[in-house]
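Subject: Structure handover

Hello,

Here is the structure I promised you. Please open it alongside this note. My findings follow below.

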Amino acid sequence: MRIALEPVSSRTTIQEGVYQQLRNALMAGNFDPGQTLTIASLAETFGTSNMPVREALRRLAAENALEVAANGSARIPIVTLARLDDLCRARIAVEGLAAELGIPKLTATNIETLERIAAEQHAIGRSSNVYELMARNQQFHFTIYRASGSEVLLQLIETLWLRFGPYMRMLSASVEPLMRSGEIDPAGSHFPIIEALKAGDFVRARDGVVADIRRTHEILRDYCPATEDEPRAKGPASALRR
């Protein structure tokens, strides 16, 4: 299930509502790499004038989540191998630190939340709802990162996930058929992380978070074109089952 863009509620400012909905959709990988988003079509979707959409696109471009053209339309960045490698190096460094700080602070309630999310991922996997699965993956990771108590790290991580959105979109398209066939575990490496947390092995739990990022990186490298001019690679399905 993709994040649906809806008319903005009167409970928040129109501009902020448009920005937050687009931001969430980008982080969840709801748009194709290279896809064009026009101000007119987005304004119609949100039920607003062009101005709030234009400002939201400008803010997202400032976060490097979008590329804005001279006419005001926006494009989802193209995926390349070099950008993927760069993003994943940064994710490992920043998210690894957030996990290192957050894991010792997780409460029993937090761990129960992580267990519930992982169980939901298994259930979702049976229905092949890949977008809902991605949303649960985000919830799992951010439950750990928020425990770090670092506002700076959280802001950095959100920015990295925004820029990683097109790669998540590519990953979802690759994972969906294997999820339908039952060839991959919908929860990934989340259960081993939970087991380490229950055992009080904070180092192993932190290493599990990093391993989860590395695993995603490894899978995507088989599908990512080397340059913007190359077509997307059709990586071997075996890469998803390793």
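Which side chain does the side chain of Asp32 join in a polar contact? The partner is Arg169, and the polar contact between the two side chains is 2.6 Å. Arg169 sits in helix H7. Its relative accessibility is 9%, so Arg169 counts as buried. Please keep in mind that this is a predicted model.

Now the overall layout. The protein has 242 residues, and 49% of them count as buried. It contains 10 helices and 3 strands. Along the sequence, the order is α-β-α-α-β-β-α-α-α-α-α-α-α. Take the contacts between residues at least 6 apart in sequence: 73% of them join residues at least 24 apart.

Next, the core. In soluble globular proteins, nonpolar side chains tend to be buried together. Here the largest nonpolar core has 67 residues. Leu22, Ile144, Tyr145 and Tyr167 have the most contacts inside that core. Helix H7, residues 151-180, gives the most to this core, with 12 residues. Helix H7 is also where Arg169 lies.

Leu22 deserves a look of its own. Set aside its neighbours within four places in sequence. Leu22 is then in contact with Leu5, Phe31, Leu42, Phe46, Ala56, Leu57 and Leu60.

On to a helix pair. Two packed helices are described by the angle between their axes and the distance between the axes. Helix H8 covers residues 190-198, and helix H9 covers residues 202-221. They pack at an angle of about 165°, with their axes 8 Å apart. The cut-off for roughly antiparallel is over 145 degrees, so H8 and H9 are roughly antiparallel to each other. Their crossing is left-handed. On the H8 side, the contact is made by His190, Pro192, Ile193, Glu195, Ala196 and Leu197. On the H9 side, Arg204, Ala205, Gly208, Val209 and Asp212 take part.

Is Gly125 buried or exposed? Gly125 counts as buried, because its relative accessibility is 5% and the cut-off for buried is under 20%. How far from Pro186 is Gly125 in sequence and in space? The two are 61 residues apart in sequence, but 5.3 Å apart in space, C-alpha to C-alpha.

Then move on to Leu22 and its contacts.

Best wishes

Key
Residues numbered from 1 in each chain as written. Predicted model: local features only at pLDDT ≥ 70, side-chain atom pairs only at ≥ 80, totals over all residues. Heavy atoms only, no water. Core = buried A, V, L, I, M, F, W, Y, C linked by side-chain atoms within 4.5 Å. Buried < 20%, exposed > 50% of the residue type's maximum accessible area, 1.4 Å probe, protein only. Helix = DSSP H or I, 4+ residues; strand = E, 2+ residues; numbered from the N terminus. Contact = heavy atoms within 4.5 Å. Polar contact = N/O pair within 3.5 Å; in protein donor to acceptor, adjacent residues only side chain to side chain. Axes fitted to C-alpha atoms, helices over the stretch in contact; angles between N-to-C directions. Parallel < 35°, antiparallel > 145°, perpendicular 65-115°, else oblique. Left-handed = near helix turned anticlockwise from the far one by under 90°.
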